[in-house]
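Please walk through the structure shown below with the following explanation at hand.

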Amino acid sequence: MQVDTIVLDIDGVLVDVADSYRRAILETLDRTYGETIGRDDVQSFKDAGGFNDDWELTHAAALHLLARREGYGNPVDRFTDAVAASGGGLEGTHAVLADALDPDARERVHAEWDPDALTDTFQQLYLGAELYRDLEGGAPDIETAGFIHDETVLAAPETVEALTERYAVGVVTGRPEAEAALALDRVGLDLPDEHVVTMDSPVAGKPDPEGIVGLAERLDAERLAFAGDTLDDVRTVHNAREVDDRTYFGIGVLTGGLTGESGRSAFERVDADAVVESVDELPDLLE
């Protein structure tokens, strides 16, 4: 796997977000509705595709909780299977509920569903009061230190050094720009702004290939490897091959929601070119 460029995801690859972003999903639902989903259910949504944005995953999980109150009986895994079959993401979620609920039930669900309020609660829990004031510019309703401080770095300093010395390096992440900058600073990965694609970039999110193809152009890549922790990261590579003549490789990393042999098998089912236990294996893999 000879490459000249490596592109990395942040969450689950460079930093562990099990106790930050994923915890924020669960606690946002609990604070809002008095019930939540399980930690494994978060991965079911991720595997369905189209949930690179954890805010949208929270919105979709909220729709499932509210639909259950209206008599929808399928558990999360069967619900997300149906969402995947309907194209994934929020669009797929709405399609499933349109088939499963009668018009009156759908109206009641949407009357209780407030995506903006869910996102705001999520941000307060994740950022904490101080960072929320700084980054969101508002007064928080929740006084908390913030789950962001519970994130741990997954990439050893020598890994970061080896990758940046040998390859052109870029990042594609579903994080907002300011939160991506905080994570990259913690990792010790100093990149020009034009080499980082975030939620705030004017491109479609993964698995749409627009972000990674644009990075390939800016980095003057001929052979590019993209390492991510979700199936959508590998799907992004497949989609990039459809629209661009460069050589792309998709590498699954087992430090996110997909772990162990089951995670390896999941990546292999979507034709990942390689699967590694952690980002620290990349220098040897790409050597």
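Buried means under 20% relative accessible area, exposed means over 50%, and partly exposed lies in between, computed with a 1.4 Å probe and protein chains only. The model is predicted: local features need pLDDT of at least 70, side-chain atom pairs count only at pLDDT 80 or more, and totals for chains, interfaces and linings use all residues. Residues are numbered from 1 along each chain as its sequence is written, and side-chain values use heavy atoms, with hydrogens and water left out.

Helices (H or I, at least four residues) and strands (E, at least two) are DSSP runs numbered from the N terminus, and two strands pair if DSSP finds at least two bridges between them. Six strands form an open sheet in the order S5-S4-S1-S6-S7-S8, and their pairing is parallel. Strand S5 (196–197) and S8 stand at the edges with a single partner strand each, so one side of each has no neighbour in the sheet. Within the sheet, strand S6 (residues 223–228) pairs with strand S7 (residues 247–253) in the parallel sense over six bridges. Phe226 stands opposite Gly250 in S7. S7 is mostly covered, with six of its seven residues buried.

Helix H11 (residues 231–243) contains Leu231. With a relative accessible area of 7%, Leu231 is buried. Between Leu231 and Leu258 there are 27 residues in sequence, while their C-alpha atoms are 8.9 Å apart in space.

Most residues other than glycine have a negative phi, and most peptide bonds are trans. Lys206 and Pro207 are joined by a cis peptide bond, with omega about 10 degrees. Pro207 belongs to the loop between S5 and helix H10 (210–218). Asp220 is a residue other than glycine with a positive phi, near 55 degrees. Its loop runs between H10 and S6, and Asp220 counts as exposed because its relative accessibility is 64%. Asp271, also not a glycine, has a positive phi of about 65 degrees. The loop that holds Asp271 lies between helix H12 (260–269) and S8. At a relative accessible area of 53%, Asp271 is exposed.

A salt bridge is a side-chain nitrogen of Lys or Arg within 4 Å of a carboxyl oxygen of Asp or Glu. By this rule the count comes to 20 salt bridges. One of them links the side chains of Arg23 and Glu27, at 2.9 Å from N to O. These residues are four apart in helix H1 (residues 21–33), so about one helical turn separates Arg23 from Glu27. Arg23 has a relative accessible area of 27% and is therefore partly exposed; Glu27, at 27%, is partly exposed.

Arg175 forms a salt bridge with Glu151, in which the closest N and O atoms are 3.0 Å apart. Because Arg175 lies in the loop between strand S4 (168–172) and helix H9 (177–187), and Glu151 in the loop between helix H7 (115–136) and strand S3 (152–153), the pair ties together parts that are 24 residues apart in sequence. Both Arg175 and Glu151 are buried. The side chain of Glu151 also meets that of Arg186 in a salt bridge, at 3.8 Å from N to O. Arg186 is in helix H9 and Glu151 in the loop between H7 and S3, so this pair ties together parts that are 35 residues apart in sequence. Glu151 has a relative accessible area of 7% and is buried, whereas Arg186, at 36%, is partly exposed. Salt bridges that share partners join Asp11, Glu151, Arg175 and Arg186 into one network.

What kind of charge gathers in the surface patch that includes Glu158 and Asp280? The patch is negative, and its residues are Glu158, Glu161, Glu165, Asp280, Glu281 and Asp284. Patches are made of residues with over 30% relative accessible area and no salt bridge, like charges being joined within 9 Å and nonpolar side chains (Val, Leu, Ile, Met, Phe, Trp, Tyr) within 5 Å. Helix H8 (residues 157–166) supplies three residues, the largest share of the negative patch. Glu281 lies in the loop between strand S8 (274–276) and helix H13 (282–286), and at 34% relative accessibility Glu281 counts as partly exposed.

Definitions and conventions:
Accessible areas come from the Shrake-Rupley method with a 1.4 Å probe; for residues, only the protein chains shown count as cover. Lys and Arg count as positive and Asp and Glu as negative; His and the chain ends are not counted. The place of a charge is taken as NZ of Lys, CZ of Arg, CG of Asp or CD of Glu.
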